[in-house]
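Work through these exercises with the structure open beside you. Each task is followed by a solution in short steps.

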Amino acid sequence: MASTSFQLTIFFILSILNISFAARQLIESPRDTSTLLQYHNGALLTGDISVNLIWYGRFKPSQKAIVTDFITSLSSTSAKSQTQPSVATWWKTTDKYFTKTKKPTLLIGKQVSDPECSLGKSLSEKHLRLLAAKGQQINAANVVLTANDVLVDGFCSSRCGTHGSVSSNSKTAHVKGKNYKFAYIWVGNSETQCPGQCAWPFHQPVYGPQGAPLIAPNNDVGVDGMVINLASLLAGTATNPFGNGYYQGDASAPLEAASACPGVYAKGAYPGYAGDLLVDPTTGASYNAHGTNGRKYLVPALFDPSTFSCSTLV
């Protein structure tokens with residue numbers, strides 16, 4: 001498994017991530033992005049990709065709907081039903097990484113629920129891979145989502161989520177007599193464990209400038225924070241699924257499409273300030289993207305390889 005964690009994106013010092021593909025990192029200073037994200041000649045995710053969700057622990061139906069609507073919103077087929085700026089438009093920035101191969105289309109796939117936590121409530125990296133293997137293993141990205149009372153190695157202390165890959169040379173992914181690798185993602189609900197680290201800007205940060213937290217667009221600090229982390233990891237997974245795609249720096253802790261732009265969600269962002277976001281006039285919630293079913297979301301800036309800069313929707 002390639003290992004780089006999803007770097008906790010808070011530009012300044014919100015200390016977090018460091019394990020498998022693209023982490024949200026805390027001690028993060030502004031970077032010269034002009035030389036970022038080199039291609040290392042490896043495979044990317046292409047064509048139709050099923051995003052399979054493995055719910056570990058107890059999630060309310062309303063929480064599951066926030067995440068599934070977000071995945072559905074990524075597809076260009078849903079773009080016409082979305083008000084601009086949209087989640088689908090945000091995702092199209094990743095198209096610019098696929099100049100020589102077919103672009104990926106992310107589609108909601110299989111969902112598996114394990115509300116009783118069959119592997120216990122303290123998970124290792126091995127447990128995450130076992131859970132990820134419950135999803136489809138060809139043309140897939142399997143997403144493990146852990147509930148707010150589930151502990152995961154490194155959660156809060158070094159990461160909010162992670163992405164990597166599993167090889168079928170183990171028992172987990174042997175399909176039709178052939179060996180495969182499939183990509184997986186893990187994201188935890190930080191609501192009760194570390195919202196100041198993994199759900200900023202919807203919670204007061206642990207470190208750095210102490211601005212007032214923003215109102216979460218779906219009225220769920222933990223799950224709205226999960227969406228931010230999931231969005232970043234999906235971008236990293238599509239463009240660097242197996243550790244030899246687009247990234248910069250150490251392959252074990254790389255900067256990727258979203259983690260190259262830490263803490264940036266709109267124009268005018270600076271340490272401790274997410275940027276000049278849109279505000280819902282009724283709820284006061286901050287967001288930068290519309291999704292399906294009238295949803296609003298906050299998605300991170302993505303590194304645009306055509307302009308060598310961090311691209312935002314607003």
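**Exercise 1.** Find the partner of C261 and describe the link between the two cysteines.

*Solution.* 
- Step 1. In this predicted model, C261 forms a disulfide with C310, and the two sulfur atoms are 2.1 Å apart. The cut-off for a disulfide is sulfur atoms within 2.5 Å.
- Step 2. Check the hand. The angle about the S-S bond is -95 degrees, and the link of C261 and C310 is left-handed.
- Step 3. Compare burial. C261 is buried, with a relative accessible area of 1%. C310 is partly exposed at 30%.

**Exercise 2.** How many disulfides are there in total, and how are the bonded cysteines paired in sequence order?

*Solution.* 
- Step 1. The count is three disulfides.
- Step 2. Take C156 and C194. Their sulfur atoms are 2.0 Å apart. The S-S torsion is about -70 degrees, so this disulfide is left-handed.
- Step 3. Locate that pair. C156 is in the loop between β8 (151-152) and β9, and C194 is in the loop between β12 and α4, so parts 38 residues apart in sequence are tied together. Both C156 and C194 are buried.
- Step 4. Take C160 and C198. Here the sulfur atoms are 2.1 Å apart. The torsion is about -85 degrees, so the disulfide of C160 and C198 is left-handed.
- Step 5. Locate this pair too. C160 lies in the loop between β8 and β9, and C198 lies in helix α4, so the link joins parts 38 residues apart in sequence. C160 is buried at 0% relative accessibility, and C198 is buried at 1%.
- Step 6. Number the bonded cysteines along the chain. The pairing reads 1-3, 2-4, 5-6.

**Exercise 3.** Trace the sheet of five strands: what is the strand order, and which strands are at the edges?

*Solution.* 
- Step 1. The order is β5-β4-β7-β12-β9, in an open sheet with mixed pairing.
- Step 2. Look for strands that pair on one side only. These are the edge strands β5 (104-114) and β9 (161-167).
- Step 3. Zoom in on one pair. β4 (residues 47-56) runs parallel to β5, with nine bridges between them. One of the bridge partners is D114 in β5, which pairs with Y56.

**Exercise 4.** Which strands do helices α3 and α5 touch, and which residues of α3 are buried?

*Solution.* 
- Step 1. α3 (residues 125-132) packs on the sheet and touches β4, β5, β7 (140-146), β9 and β12 (181-188). The direction of α3 makes about 115 degrees with that of β12.
- Step 2. α5 (residues 221-239) also packs on the sheet, touching β5, β7, β9 and β12. The angle between the directions of α5 and β12 is about 160 degrees.
- Step 3. In α3, the buried residues are E125, L128, L131 and A132. Viewed down the axis of α3, they fall within an arc of 120 degrees, so they line one face of the helix.

**Exercise 5.** Which residues of the largest nonpolar core touch the most other members?

*Solution.* 
- Step 1. The largest nonpolar core has 69 residues, and F70, L74, W90, W91, L145, L230 and L234 touch the most other members.
- Step 2. Ask which element gives the most. Helix α5 does, with nine residues.
- Step 3. Follow one member. Leaving aside residues up to four places away in sequence, L145 touches L53, I54, W55, Y56, F59, V187 and M226.
- Step 4. Look apart from this core. Another core has ten residues, among them F202, I228, A274 and L298.

Key: Residues are numbered from 1 along each chain as its sequence is written. This is a predicted model: local features need pLDDT of at least 70, side-chain atom pairs count only at pLDDT 80 or more; totals for chains, interfaces and linings use all residues. Side-chain values use heavy atoms; hydrogens and water are left out. Two strands pair if DSSP finds at least two bridges between them. Helices (H or I, at least four residues) and strands (E, at least two) are DSSP runs, numbered from the N terminus. Contact means heavy atoms within 4.5 Å. Axes are lines fitted to C-alpha atoms, for helices over the stretch in contact, and angles run from 0 to 180 degrees between N-to-C directions. A nonpolar core is a set of buried Ala, Val, Leu, Ile, Met, Phe, Trp, Tyr and Cys residues joined through side-chain atoms within 4.5 Å. Buried means under 20% relative accessible area, exposed over 50%, partly exposed in between (1.4 Å probe, protein chains only). The arc is that of the directions from the helix axis to the C-beta atoms.
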